[in-house]
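These entries record what I looked up in one structure. I kept them in the order in which I worked.

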Amino acid sequence: MQTILFHSTIFGPIHSRRLGTSLGVNLSPRDGKVCSFDCLYCEAGFNAQGPGKAGLPPRQEVAEMLEEKLRGMKEAGEPLDVITFSGNGEPTMHPEFEGIIDDTLRLRDRYFPNVKVSVLSNSTRLDREDVCRALRRVDNNILKLDSAITPTMNVIDRPVNPSFTSEEAIERIVPFGSQCIVQTMMLRGVYDGKEIDNTTDEEIEALIEAYRRIGPKEVMLYSIDRATPARELRKVERDELEAIASRIRQAGIAVQVN
């Protein structure tokens with residue numbers, strides 16, 4: 001079974017096809033996965049592998065490790081574009097998420113004031129005021145919306161809370177408006193005997209309507225780039241992504257294709 005990607009709290013820097021030279025922050029356990037989605041395409045594998053034994057990294061430990069890494073990079077003259085919260089699960093599930101963002105912004109300003117802070121989130125925790133406050137403070141608040149049609153979202157993203165809907169996600173993203181970037185994974189394939197395809201006309205029109213309502217800074221369209229735990233998923237090629245992006249741009253929405 002495909003398992004977790006990151007065995008440390010601070011990792012990289014790595015080259016991100018979307019964000020540039022990125023220093024990663026993993027707020028999930030270093031030996032397990034904790035997420036409110038169980039996406040078919042997650043590079044860190046399925047939630048069934050369990051949360052491990054290490055637990056979530058404490059706020060103070062995150063700050064100390066991040067400062068040590070940033071200080072070392074600055075002294076070595078290493079380049080950095082972004083500090084990115086991603087890792088082995090959903091970063092906003094950490095109970096000290098807001099405080100960790102405060103610490104990260106303070107350390108960024110001390111060592112790399114021109115570097116952006118990005119959070120990759122699946123939008124499931126936007127009912128929490130502390131999470132929303134923190135996301136409004138970062139430079140790149142990147143919120144997932146893989147389908148504006150709930151049955152499709154349920155198949156692709158498999159929310160741990162079975163009552164979570166695409167409509168709920170959209171309603172919670174709308175208040176961010178131009179303070180967010182919406183990220184959509186485009187894919188097709190088969191899982192558990194079910195056909196999956198969020199590139200159909202119906203899906204694209206529903207996404208365009210959602211993007212219009214949200215009014216994000218931009219939309220990030222991307223597709224599978226590495227091995228996925230669900231083996232029968234297929235990548236949407238660049239030319240097709242560009243064609244979808246063109247339709248979205250005609251609706252007056254900025255799109256980045258990765």
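I began with the hairpin of β7 and β8, where 2 residues lie between the strands and Asp192 takes a positive phi near 55 degrees. The model is a predicted one, and I read this local feature with that in mind. I then checked the pairing: β7 (residues 187-191) and β8 (residues 194-197) run antiparallel and are joined over 4 bridges. Within this pair I found Gly189 opposite Ile196 of β8.

I next asked which strands make up the open sheet of 3 strands. The order is β8-β7-β10, and the pairing is antiparallel. I noted that β8 and β10 (233-235) are the edge strands; each has a single partner strand, so one side of each is left without a neighbour in the sheet. From one strand to the next, the twist averages 10 degrees.

Entry 2, the sheet of 8 strands. I traced a further open sheet, with mixed pairing, in the order β1-β2-β3-β4-β5-β6-β9-β11.

Thr84 stands opposite Ser118 in β4.

Ala44 has its place between β2 (20-26) and α1 (59-76). Is Ala44 buried or exposed? Its relative accessible area is 1%, and because buried means under 20%, Ala44 counts as buried. I also checked Ala44 against His7: the two are 37 residues apart along the chain, and their C-alpha atoms are separated by 11 Å.

Asp38 lies in the loop between β2 and α1 as well. I read a relative accessibility of 14% for Asp38, which therefore counts as buried. A polar atom of the Asp38 side chain lies 2.8 Å from the backbone nitrogen of Asn47.

I asked how many cavities of 30 Å³ or more the model holds. The count comes to 1. The largest cavity has a volume of about 50 Å³. Its lining includes Phe37, Asn122, Ser123, Leu145, Met153, Asp157, Phe164 and Ala169. I noted that α4 (150-157) and α5 (166-173) each supply at least two residues of this lining. By class, the lining has 5 nonpolar, 4 polar and 3 charged residues.

Entry 5, a pocket. I then turned to the second largest pocket, with a volume of about 160 Å³. Among the residues that line it are Ser36, Met93, Thr124, Arg125, Asp127, Arg128, Phe164, Glu168 and Arg172. I sorted the lining of this pocket by class and recorded 4 nonpolar, 3 polar and 5 charged residues.

Notes: Residues are numbered from 1 along each chain as its sequence is written. This is a predicted model: local features need pLDDT of at least 70, side-chain atom pairs count only at pLDDT 80 or more; totals for chains, interfaces and linings use all residues. Side-chain values use heavy atoms; hydrogens and water are left out. On a 1 Å grid over the protein atoms alone, a cavity is a set of points where a 1.4 Å probe fits but cannot get out, and a pocket is an open set with protein on both sides within 12 Å along at least five of seven lines; lining residues have an atom within 4 Å of a point. Grid points are joined across faces, edges and corners, and a volume is the space filled by probe spheres set on the points. Ala, Val, Leu, Ile, Met, Phe, Trp, Tyr, Cys and Pro count as nonpolar, Asp, Glu, Lys and Arg as charged, and the others, Gly among them, as polar. Two strands pair if DSSP finds at least two bridges between them. Buried means under 20% relative accessible area, exposed over 50%, partly exposed in between (1.4 Å probe, protein chains only). A polar contact is a pair of N or O atoms within 3.5 Å; within protein, one must be able to donate a hydrogen and the other to accept it, and residues adjacent in sequence count only if both atoms are side-chain atoms. Axes are lines fitted to C-alpha atoms, for helices over the stretch in contact, and angles run from 0 to 180 degrees between N-to-C directions.
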